[in-house]
Amino acid sequence: MNKKQFSFALMLSMMPLASMAHTPLCSCYDNGDGTVLCEGGFSDGSSAAGVGLAVVDANGNKLLDGKMSEDSEFEFNKPEGDYTVQFNAGPGHLVEISSEDITE
Amino acid sequence: MKKTLLTSLGVAALAVSGAANAHFQLVYTPDVIVEKPTNMNMKLVFGHPMENGHVMDMDKPEQFFVQFKDKRIDLMNKLKPVSWAGPENTAKAYQADYRVKRNGDYVFAVVPAPYYEKGEDIYIQQITKSYVNKGGLPTGWEQPLELATEIVPLNKPYQVFAGGTFTGQLLSEGKPAPGVECEIEFINTDIDMKGNAFGKENYREAPETAIVAITDQDGEFTFGIPKAGVWGFACLGAGPVTEHEGKELSQDAVIWVNAQEL
């Protein structure tokens with residue numbers, strides 16, 4: 001990721017703190033067993049069930065594509081190396097989380 | 001000389017009248033909005049946060065738990081006794097650690113053991129709630145916890161502002177409680193999380209008399225918050241239990257909110 005992309009991702013990852021109505025929210029956790037859990041939602045408390053989520057590698061290649069479960073969760077096997085989770089709730093509603101921000 | 005004497009007497013009188021009223025059970029966390037998984041360090045202290053005077057001994061609480069979504073997690077086994085230092089004395093208090101991981105609202109609630117207040121010859125039990133949010137996701141801060149008495153926030157309690165208002169609804173056994181006096185205070189000094197102590201210096205002079213709101217016919221009160229800080233609301237004698245060990249019991253509902261500058 002170049003510096004500009006990183007700033008953009010950083011900015012997006014800060015978005016959950018902004019208090020706009022219906023802001024998409026996503027957080028991911030390293031389960032410590034080789035898997036990663038992400039949970040999504042919206043700032044008005046509504047569910048993110050069915051919202052698309054993708055994992056891309058450091059070069060922007062898509063590693064996997066999925067959807068949030070009924071509980072607004074998505075679990076995947078932790079990829080090798082740096083990766084980014086993209087929680088895509090539609091135009092202007094993309095949250096990106098860099099692997100370095102995903103901890104136990 | 002005369003003026004000095006009068007002033008001193010005035011200050012003494014104010015200090016005494018202030019001390020008689022404003023007990024507040026604290027459930028304090030330094031942060032109420034967190035973005036990442038965080039070990040929350042909490043302090044349970046019974047004191048007079050606005051006057052920052054005498055601190056009172058806490059016995060082991062009857063209940064201490066956190067409500068997260070539809071789960072109630074018992075935290076009694078996380079309580080560790082500590083000695084808490086106020087500017088005048090030290091008292092028995094508690095601390096607890098709890099890891100906040102998943103996004104949502106965490107409502108910490110304590111039902112303390114009744115405290116015998118010699119000065120008034122009554123027992124006081126302040127059922128207290130504090131709120132922490134992780135990740136900006138609201139998951140039930142507006143829900144009551146089915147406590148004997150409690151204040152249900154009608155504004156998001158971890159997101160209120162200096163210059164704005166806070167509205168709460170007082171419930172007793174789940175029903176709105178009208179006509180109840182609610183005292184309002186802010187924590188008027190630093191909290192030393194490592195040293196388990198209130199600061200020696202106060203931020204500002206406490207008002208001359210207690211700040212009070214009376215609940216309306218729906219059990220609601222609204223208060224305009226003048227300054228940023230940690231504000232507490234204590235609705236007195238709101239609960240159904242009025243006697244403990246043959247003496248009068250004041251079963252109070254307390255809620256804490258954090259007001260910030262916009």
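**Exercise 1.** Which two strands of chain A form a hairpin, and how many residues lie between them?

*Solution.* Start with the ground rules: this is a predicted model, in which local features need pLDDT of at least 70, side-chain atom pairs count only at pLDDT 80 or more, and totals for chains, interfaces and linings use all residues. Residues are numbered from 1 along each chain as its sequence is written, while chains are lettered from A and ligands numbered from 1 in the order in which they are written. Strands here are DSSP runs (E, at least two residues), numbered from the N terminus. Now look at the turn: strand 1 and strand 2 of chain A make the hairpin, with four residues between them. In that turn, A:G32 has a positive phi of about 80°.

**Exercise 2.** Work out how the sheet of chain A is put together.

*Solution.* Take the pairs one by one; strands pair if DSSP finds at least two bridges between them. Strand 1 and strand 2 of chain A are antiparallel, joined over seven bridges, and A:P24 stands opposite A:F42 of strand 2. Strand 2 (residues 35–42) also pairs with strand 5 of chain A, antiparallel over five bridges; here A:E39 stands opposite A:E73.

**Exercise 3.** Decide whether strand 1 of chain A is mostly covered or uncovered.

*Solution.* Call a residue buried if 20 or more other C-beta atoms, placed from the backbone, lie within 10 Å of its own. By that count, five of the seven residues of strand 1 of chain A are buried, making the strand mostly covered.

Technical notes:
A residue is buried if 20 or more other C-beta atoms lie within 10 Å of its own, exposed if 12 or fewer, and partly exposed in between; C-beta atoms are placed from the backbone.
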